[in-house]
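Hi everyone, thanks for coming. I'd like to walk you through one structure today, so please have a look at it first.

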Amino acid sequence: MKSNSTDAAVAIQVDKSLIPLTVIDPSSGWVALKLGELWEYRELLYFLTWREIKVRYKQTALGAAWAIIQPLFTMLVFSLFFGRLAKVPSDGIPYPLFTLAGLIPWTFFSNGLTQSSNSLVSSANLISKVYFPRLTIPLSAVLSGVVDFAISFILLVGMMAFYRQAPPLRCLYLPAFFFMAFVTALGVGLWLSALNVEYRDVRYTVPFLTQFWMFATPIAYPSSMLHGIWRTLYGLNPMVGVVEGFRWALLGTNTAPGPMIAVSSIASVLILVGGVFYFRRMEKTFADVV
Amino acid sequence: MSDIAIRVENLGKQYRIGALQKNGGHYTYKSLRDSIASAASAPFRAARALMGRDGSQANHDEDTIWALKDVSFDVKHGDIVGVIGRNGAGKSTLLKILSRITEPTTGHIEIRGRVGSLLEVGTGFHPELTGRDNVYLNGSILGMKNAEIAKNFDAIVAFAEVEKFIDTPVKHYSSGMYLRLAFAVAAHLQTEILLVDEVLAVGDAAFQRKCLGKMSEVASEGRTVFLVSHNLAAVENLCVSALWISSGRVTAQGSCSTVLSGYIQDSRGQDGRSNGLEQMRRSGNGRVKVTGCWFEDENGCMIQRAKSGEPVIVAIEFQAAPNTRNVDVGVSLSSLWDQMLFVHYSSYVGQYFSDLPARGVFRCVLVQQPLSPGDYQVGVRIVENASEADWPRGSVATLEIVQSDFYGTGHAGFSGQALLLLDSRWTLGNVTSSFHNMRS
């Protein structure tokens, strides 16, 4: 199999008409997405993601346990202050489990967002020295978070077992909600990473942004506190759909009304599409500005 | 037509330098605050860009510079092109555009063949990862396929001589090992077209030799190489043709030796040949000082050029303090790319001078100089009583050697690059007689 593929490569070199032709012209304004090129560079995407994963917990004493510690401690703090002291309702679910089901996808989202928004600037040496589709950089930053998500998901499963909460059959929908979180994280990450190349203000904005966004997302409280049209409009924050979707799929709550999920899905896709176009438009100046 | 590997037409690259001027030469990142002021006009700019009228930027000439302008050239398949020019001439910009890192502002480029660009060795190396991991990572960043890296892995490790440490994180590597591994990956890039920038300017002398060796190996494989370098000797050795860029424009393109000597002549002219001695960095106690240097023929006439094989007299004018003892005068000759040909002190032939006059001239007769046609630089150093009196660091004069009937046979000699001509006698013998001579 291997030798076959190398033979084919030699044949390509011999046949002059098949020599790849690269044309470089100045582009202006909005440019084509060239997603096919991204596919050609899938091996690089794989290696960059793999590098992120391998390097992330190097020289830390606790290693990948950090993926669990983050949501675990937030859960403890939230349970104490919001659950015990403020007596925030939790849709009939034990409060720690309720908030953890929101924290797990949220942590994936906020880490993905933070990593990808810094990704271009921290890969400045790559950008100014080698050509490859720049989309691979923020994409690999978000992708590498999937491993952390998988680890922290074990915590969620453990907590569900602790509270004897069997997942309903509709937990099969969970990947769809995870995908929504991924799309949103990548979409926002693309906007912010491209902006960050030119405006380093982004670096200081991201911690605030994630903090505000977290309180604008029903993690410590249920979205059922809102009613009717307001609840649907709340879905404009795509993470509302993700968090409530997670609870709906895993904990069997009735907190994911169709319209809200639909609004969130559309919002997340729009953020991503806008992000990709904006990214591609700014891409040509990255190497000069970064 | 199809033998053209790279075709560049009217290439131009404009950079904005507005931010640079505002902040007293320090480049600063644009901050949001700066842009909010002009935010109102941004939608209109965006709209203009949408309509494809980006060129309107060109009106603000005071804020922009053309790093490259009207650059056109062709590179044939299998050609090894050296790109030379001063710092800031636009060489690196050209390379960045060709490797698609940055976009041109104007112009059109066609490249036939897979392109590999080496603007730096070890791009993407991560200190925490092992040598093995970094080879794969760096390889894929340079555009190699996974299978390709796996196939070349052993060769890469062997070339870098880091077999023992391949599973050690590269942060524990010595800088030499790190560079060797980084270059080794790059050297195994199997693309038809290779764009290389200053890669040779790293590492110790032994490693540089190895890199140069690898580069000439690559060159001999019939691949197209586009090499940007300050190392003129490397360009001279490796390249067939050269491209000279100054101030963003192509000044000359053609055979390597022609372009190179033009470039060297030009840079010497700008450095100021006539007042060179006064401004040259020099060391020594100054008891004897070089004040001038020129060439004479056998009749004592001042000459600018000499024929190969003809005697040349190097005249060194000096001023000296009283009561000088054991003065030893040294003359050196080197090629234009600083390759030293010989160093010759008067003491080598048993000659010292004492009680020099306040002003005078040393004359050194180069009997039957064996130089091939070209330009040579002369260096001078004077030692008095075993301590250095004067050493101007640089060329005090340039000797031009022109072609002559050196061998007396009408044959001009080797037409390629070789610095020396040697006279010789040839005989023909049979195998047993030479064997016999070796024995005895």
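Before we get to the sheet, one term: two strands count as paired if DSSP finds at least two bridges between them. And please keep in mind that this is a predicted model.

With that in hand, let's look at chain B. Which order do the strands of its open sheet follow? There are 6 of them, and they run β5-β6-β7-β3-β8-β9, with mixed pairing. From one strand to the next, the twist averages 15°. At the edges you'll find β5 (115-118) and β9 (249-255) of chain B. Each of these has a single partner strand, so one side of each is left without a neighbour in the sheet.

Let's zoom in on one pair inside that sheet. Strand β3 of chain B, residues 80-84, pairs with strand β7 of chain B, residues 224-228, in the parallel sense, over 4 bridges.

Now for some helices, still in chain B. In general, two packed helices are described by the angle between their axes and the distance between the axes. Here, the axes of helix α5 (residues 131-141) and helix α6 (residues 146-160) of chain B come within 10 Å and cross at roughly 130°. Angles over 145 degrees would count as roughly antiparallel, and 65 to 115 as roughly perpendicular; α5(B) and α6(B) are therefore oblique to each other. Their crossing is right-handed.

Which residues meet there? From α5(B) we have Val135(B), Tyr136(B), Gly139(B) and Ser140(B), and facing them in α6(B) are Asn146(B), Ile149(B), Phe153(B) and Ile156(B). By class, that contact holds 5 nonpolar residues, 3 polar ones and no charged ones.

Stepping back, chain B is divided into two domains: domain 1 covers 4-32 + 61-268, and domain 2 covers 276-402. Their centres, taken over C-alpha atoms, are 39 Å apart. The contact between them takes 5 residues from domain 1 of chain B and 5 residues from domain 2 of chain B. On the domain 1 side, the elements giving two or more residues are α9 (232-238) and α10 (256-271) of chain B. Of these, α9(B) gives the most, with 3 residues. That side of domain 1 has 3 nonpolar, 1 polar and 1 charged residues.

Over to chain A. Its secondary structure comes to 12 helices and 1 strand. Its C-alpha atoms fill a box of roughly 70 × 45 × 40 Å along the principal axes.

Which strand of chain B does β1(A) pair with? That is strand β4 of chain B, residues 106-112, and the two run in the antiparallel sense over 4 bridges. Within this pairing, Thr22(A) has Ile111(B) as its bridge partner.

Conventions
Residues are numbered from 1 along each chain as its sequence is written. Chains are lettered from A and ligands numbered from 1 in the order in which they are written. This is a predicted model: local features need pLDDT of at least 70, side-chain atom pairs count only at pLDDT 80 or more; totals for chains, interfaces and linings use all residues. Domain bounds come from an automatic or database domain assignment. Two residues are in contact if their C-beta atoms, placed from the backbone, lie within 7 Å. Ala, Val, Leu, Ile, Met, Phe, Trp, Tyr, Cys and Pro count as nonpolar, Asp, Glu, Lys and Arg as charged, and the others, Gly among them, as polar. Axes are lines fitted to C-alpha atoms, for helices over the stretch in contact, and angles run from 0 to 180 degrees between N-to-C directions. Angles under 35 degrees count as roughly parallel, over 145 as roughly antiparallel, 65 to 115 as roughly perpendicular and the rest as oblique. A crossing is left-handed if the near helix is turned anticlockwise from the far one by less than a right angle, and right-handed if clockwise.
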